[in-house]
Amino acid sequence: MTTVADAMPQRRQIQRWAPPMVQSLLPLTAVILLALATILPIGALLMRSLFDRHGSFIGLANFVRYLAEPGLSIAAWNSITLSGIATALTVVIAYPVAYAFNRSRMPMKGVFRTIIMLPLLAPSLLPALGLIYILGTQGIAKDLLFGGQLYGPNGIVIASIIYALPHAVLIMSSGLAQSDARLYEAARALRAGPWRQFLQITLPFSRYSVISAASVCFVLIFTDFGIPTVVGGSTNVLATDIYKLVIGRFDFELGAVVGVLLLLPAVAAYGIDVLARRAQRATITGKSVPVAPSKSPMRDIALTAFTAIVCFAILFVIGMAVFGSLVKFWPYNLSLDFKNYTRVFVDSDDGRALIASLWLAGATVVFGAMAVAITGWLVARRIGGGLPRQMVQALAMLPVAVPGLVLGLGYIFFFNAPANPLSVFFGTLTIMVVCTVAHFYTVPHLMVVGTLLRADPEIDLAARALQSSPLGTARRIHWPMLLPTMIDVCMYFFVNAMTTVSALIFLFTANSRVGAIAVVNLLEGSRFGQAAALAVLIMLISIFATLALNSVKFYILKSQPWRSK
Amino acid sequence: MTNAALHQDRGAASSPYLHLKGVSKRYGKVTVVDTVDLRAPTSKFVCVLGPSGCGKTTLLRLIAGFETADSGRIIQAGNDVTALPPERRDYGIVFQSYALFPNRTVAGNVSFGLEATGVPRAEREKRVSELLRLVGLAEHMGKYPNQISGGQQQRVALARALALSPGLLLLDEPLSALDANVRSHLRDELKALQQRIGVTALMVTHDREEAFSVADQIVIMNKGRIEQTGSPEQIYRTPANLFVARLLGGCNALRLEAADHNHAMAQGLQLSTNFTPGHTNGSAYACIRPGAVLVGPEAEGCENAFAARVVSLTFLGDIVRLQARPEQGAGALIEAEVLRSRFETMPAAGEIVTVALPMRHLMFLEDTSTS
């Protein structure tokens with residue numbers, strides 16, 4: 001009888017044992033690069049706020065000087081109150097929408113969802129621009145403000161809601177999606193009506209996602225630069241002040257002070273978000289049964305109507321920006337042409353900015369995706385020693401709590417310091433790519449970690465026992481698992497790099513100006529039509545990239561039959 | 001050359017294939033594995049049996065090289081492997097969770113290690129189809145892990161572990177995630193396969209039935225230490241202490257109060273014994289398996305027979321478990337498992353029956369866990 005042992009070579013070959021370079025060198029390299037891109041620039045900013053312009057330590061004297069200037073401290077108050085109001089309204093509007101998506105039999109959910117998510121694909125300036133055409137001094141519906149002014153608090157709050165709404169809906173959807181149908185069955189068995197079920201089950205169980213959404217939206221609004229620049233009028237907020245102080249007055253010390261003031265609430269809000277998410281996870285058990293919405297026409301009609309109104313408002317605002325970009329001469333000659341668009345391509349500056357945007361987004365996708373694939377893999381599959389790995393994770397989590405403006409200003413202080421050999425990169429597209437990757441690092445890093453954590457850790461042990469090296473296992477097992485997520489990662493980096501303004505506003509030069517910043521510059525020159533055209537082009541590129549990457553993802557999933565039963 | 005002979009050649013004739021000498025592992029202040037000595041003879045199936053948290057999985061991970069011992073030596077086939085990484089050791093491993101590569105087919109899983117070690121394609125394919133035939137999965141080779149059943153997945157894991165013809169097969173609770181039916185079936189297959197290819201196997205489990213049915217040798221582990229080593233029959237018949245006796249099945253334990261030659265007083269019951277206990281200092285017990293306790297007519301006339309009141313009856317099919325309290329003595333509760341067919345009418349709770357503890361089944365055991 002032939003048996004297995006007979007058929008095999010008598011001794012199996014034992015491969016030469018390579019020193020574990022991957023385990024030691026890779027985490028260390030990741031720590032150094034991440035530190036250079038995140039904590040060192042932020043540290044430079046914190047330091048700068050405590051020194052005078054000649055480099056001597058002066059304690060909190062800069063903060064005292066800041067408070068002494070009345071116009072400046074008002075901005076802090078404006079920022080807090082306006083962001084608070086806009087956040088509250090965003091959450092109030094987003095909750096029923098998220099509820100409609102997850103707990104109703106609303107028709108056309110896909111269409112509504114696409115519309116709600118649309119603002120994510122455009123710079124935050126675009127809804128603000130649309131509002132100018134609707135509610136501005138020459139807007140078509142300015143009477144809706146009952147004689148009030150768009151420019152100032154009204155404009156900031158309304159535009160911020162549109163900007164933050166998709167984020168709030170996404171976060172609260174995930175909270176409402178994970179609930180337990182058995183709770184509702186138990187409640188019905190105890191004769192609780194629908195309203196009571198909502199108050200005593202749905203609301204308590206989704207409260208953490210509401211807190212989470214509120215803190216995320218607060219940070220987004222609080223640190224956004226685009227909206228107050230366009231519709232802020234004479235209302236000063238921290239995000240515009242930091243720019244004026246640094247670029248207008250060259251007062252880097254007060255700029256650093258404002259940076260700290262922007263950073264602290266953002267860090268606090270991030271802390272709340274982390275706690276809320278932890279608490280949310282604790283409410284869900286592995287045995288939870290997903291909720292299937294029951295039949296309730298009244299509820300569905302009400303929720304559908306509300307969602308439709310919200311979607312209409314978003315489409316109307318964005319549509320008006322598109323319309324404005326096509327109009328010959330607002331508001332006097334409303335005939336349409338592509339003059340504003342042709343001018344983008346004729347005007348070499350704006351055309352060049354759009355090309356620079358594509359380079360920036362492309363490079364951010366390539367380097368960002370590579371970096372998060374490596375750091376996410378190190379963290380999730382526990383490669384290398386515990387300490388470097390924890391440092392990688394901590395550094396990767398840092399950027400989400402840091403406003404783009406603060407990061408950008410930190411880059412000036414750190415990379416423009418004469419003593420820093422890396423200062424040769426200052427003013428180049430390279431440094432902007434590094435800054436953009438760092439700014440948006442956390443979410444894609446967590447996407448990779450989340451995907452790779454889903455695989456049984458014993459798989460890696462099995463692979464090691466079969467004499468596979470860590471990189472071999474990564475290539476043959478982890479990478480195929482990760483591939484579809486990597487497409488989401490690319491999408492996230494691309495869209496954010498196309499639309500971001502805040503981190504780059506301090507870093508660009510005439511040669512490295514990107515499209516979203518060109519929009520800001522056009523608006524500063526009151527060239528609304530051209531600004532709208534450029535912003536619409538950025539949005540169209542984002543939409544096109546999203547569609548293209550989604551179809552790539554579709555084909556990847558189709559080529560991986562092992563995912564489905 | 002036959003397989004058994006081939007494997008005998010690997011280890012020196014006298015020394016065991018796998019030999020652990022005083023192996024210890026600590027996490028902080030907790031000693032998880034405490035100076036363990038273990039010998040696995042060539043081509044034998046060794047089972048490490050113990051309750052959860054006893055350190056048996058850590059022991060397996062030390063042998064696999066996923067953990068490094070703090071002290072002691074691990075010798076495999078005459079080589080000291082204590083400090084070697086998993087990649088340089090010679091074993092195959094099967095996990096409780098199967099740990100199959102989800103993105104590879106059944107054949108792809110089995111050939112993974114062959115690819116990593118650079119076996120040429122033709123040889124690889126031959127080897128894979130051979131192994132899959134061996135575990136009865138030849139017709140499923142193109143399927144992905146999520147398309148086959150749990151039992152089939154574990155067979156794939158087994159074939160994968162054997163792909164590199166390892167000298168040692170490590171099994172970490174390989175059957176406990178399966179349904180009872182599949183489990184007993186796969187258990188027999190596993191034993192047959194191991195004997196057929198003659199690989200030395202070491203399995204950790206908490207299931208005594210599993211250990212009994214596959215092991216040539218059982219190692220009982222508790223709190224990081226080895227309590228007893230021996231053949232299944234040996235350790236069942238002569239457990240080293242009360243812990244081992246209880247781990248291997250139900251056991252009546254009557255605390256000894258006084259004893260001399262062939263007589264003992266245990267919880268107020270006067271017993272005739274064929275052992276002479278060394279001491280009666282509170283941790284000494286006279287023990288008997290419930291199955292060895294006699295009840296009713298067959299108990300009458302036997303030594304150590306007592307009148308006892310039936311406290312409860314549990315119907316277990318052919319067997320009935322009966323708990324009774326002797327009328328004399330200090331309220332000891334005696335559990336007996338009797339064949340239903342021995343009784344015309346079963347005694348009811350509250351009735352008086354005769355219960356006997358036959359001398360030849362009485363064991364003297366110490367409870368070492370309290371000391």
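Analyst: Among what covers the buried residues of helix H20 of chain A are helix H16 (348–380), helix H17 (386–397) and helix H22 (470–499) of chain A. This is a predicted model, in which local features need pLDDT of at least 70, side-chain atom pairs count only at pLDDT 80 or more, and totals for chains, interfaces and linings use all residues. Residues are numbered from 1 along each chain as its sequence is written, with chains lettered from A and ligands numbered from 1 in the order in which they are written.

User: Which residues in H20(A) are buried?

Analyst: A:Thr442, A:Pro444, A:His445, A:Val448, A:Val449, A:Thr451 and A:Leu452 are, buried being 20 or more other C-beta atoms, placed from the backbone, within 10 Å of a residue's own.

User: OK, the sheet now: what is the strand order in chain B?

Analyst: The open sheet of five strands runs E15-E19-E16-E17-E18 in chain B, with antiparallel pairing, where two strands pair if DSSP finds at least two bridges between them. Strands E15 (294–295) and E18 (334–339) of chain B are at the edges with a single partner strand each, so one side of each has no neighbour in the sheet.

User: How many bridges join E17(B) to E18(B)?

Analyst: Six bridges join E17 (residues 319–326) to E18 in chain B, the two running antiparallel, and B:Val320 stands opposite B:Val338 in E18(B).

User: What is the mean pLDDT of chain B?

Analyst: The mean is 89, with 96% of the residues of chain B at 70 or more, pLDDT being the predictor's confidence in each residue, from 0 to 100. Over residues 1–13 of chain B, however, pLDDT stays under 50.

Methods: Two residues are in contact if their C-beta atoms, placed from the backbone, lie within 7 Å. A residue is buried if 20 or more other C-beta atoms lie within 10 Å of its own, exposed if 12 or fewer, and partly exposed in between; C-beta atoms are placed from the backbone. Helices (H or I, at least four residues) and strands (E, at least two) are DSSP runs, numbered from the N terminus.
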